[in-house]
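Subject: The structure, and what turned up in it

Hi,

Here is the structure I promised to pass on.

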Amino acid sequence: MSAPSFEETLQGASPIDVYRHTMSVPSLRRYLEIKAHHLLSERDWAEIRVIGAYDRACTASANEKNDKLFNWQRPTAQAHGDCLVIKCFPGQDYVRHYALIIATYLSLAGRYHGQVDYELPDESTCAAAVERLDLDPSGDDLVVLGWGLGHFTDPGAWVPGHGYAWQRAEHHGRRVLYLGYQHSIWGDTAGRVVSRLAALGARRGVYVGKVGALDPAIAPNTCLATGDTSILDGEPVRWRNVFADLDGQPDIRHGVHVTSPSILLEDTRWLAGQDGCQFVDPEIGHMGRAAASSGIEFGYLHVISNNLAAAYPADLSNERLSHVLERRARLLDRIHEIIRLRLRSIPRYSPAGGTRP
């Protein structure tokens, strides 16, 4: 049997019902405007195709905020006549998520007419993109990756790689590798990053990021989230938790996490089905499953950035307001303190085999 043609692998992307979403329509509109490539508003394209390809040589989005160290690169675009091709870092969740962003963005502008489709990258394409990570973490006691890493590190010590940068530090005689990506490692891509790190020799990893709260009582940007379980594709995933000993601290919430492939899919019907879950993001379940499969420890320690179950002034559309940044900076200080305290109890690694005194 011959391989399917490119056209046979395309799927149409339809806009979501914005009135059923857990974000208000004004907030959702702002969120989409922040994420959408600027070429989408410059003309009406006959076709918009979203694919998995990391290509910084074509047109970057004018909406990129390159005053950040990491996670600032957005999907790029390339015009082919009346067709606009949007290129996302190869990950199935990210490609679909971005196609939903575009379809809904155009719908809110009254310009959607079925012109958005996407092609999910195959596993070999996704894996090859992540395998560009070329480090040796086998001598590190801990790998810390994710968001806010500039808050923990020397700004002049980052070593660039292919879409990422890294540096090392030593705390309490333990060596820490900090790893950040300029592009998004959304959803399933984050799991591949953990698998890649484990294959390269990492023994434990920590993911620092942001989660949404499903408990209406938790105000955004006031506390941290952690846990050892995520619901992924309807099934619980558990891992050996780096932060298993954080019980009883008033600024830390423990709970069951649910992994959602796209913020656009988190509507009120979805929320009603999340009984027993306290947090949501696209990555943690994939990362925890990859860590468990690879036999390494994993933990997440995230700022609770928004609340899906109750309306608060802070949400995903206004994250760069000064008072939001100030509160998150204090929470990042707390995360750094917890990581450094946790390092004290990790047996120091000896390259000769075993631990060192």
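Below is what was found in it, one topic at a time.

First, the ground rules: this is a predicted model, where local features need pLDDT of at least 70 and side-chain atom pairs count only at pLDDT 80 or more, while totals for chains, interfaces and linings use all residues. Residues are numbered from 1 along each chain as its sequence is written, and side-chain values use heavy atoms, with hydrogens and water left out.

Let's start with a sheet. Strands here are DSSP runs (E, at least two residues), numbered from the N terminus, and two of them pair if DSSP finds at least two bridges between them. In general, strands of a sheet pair through backbone hydrogen bonds, either parallel or antiparallel. β1 pairs with β5 (residues 116-119) in the antiparallel sense over 3 bridges, and Q11 has Y118 in β5 as its bridge partner.

Next, a hairpin. β12 (residues 229-232) and β13 (residues 235-238) are antiparallel and share 4 bridges; S230, for instance, is bridged to V237 in β13. There are 2 residues between the two strands, and D233 in the turn has a positive phi of about 55 degrees. β12 also runs parallel to β15 (residues 257-259), joined by 2 bridges, with V258 in β15 as the partner of I231.

D233 and V258 come back in the lining of the second largest pocket, along with others including D93, W270 and H286. (A pocket is an open set of points on a 1 Å grid with protein on both sides within 12 Å along at least five of seven lines; lining residues have an atom within 4 Å of a point.) Its volume is about 180 Å³, counted as the space filled by probe spheres set on the points.

What about cavities, where a 1.4 Å probe fits but cannot get out?

Last, the rings. The whole structure holds 8 aromatic pairs (ring centres within 6.5 Å), and ring pairs link Y94, Y98 and W186 into a cluster. R43 lies over the face of W45, at 4.2 Å from the ring centre (the rule: CZ of Arg within 6 Å of the ring centre and within 35 degrees of the ring normal).

Cheers

How values were computed
Rings of Phe, Tyr and Trp (its six-membered ring) pair if their centres lie within 6.5 Å; planes under 30 degrees apart count as stacked, over 60 as edge-to-face and the rest as tilted.
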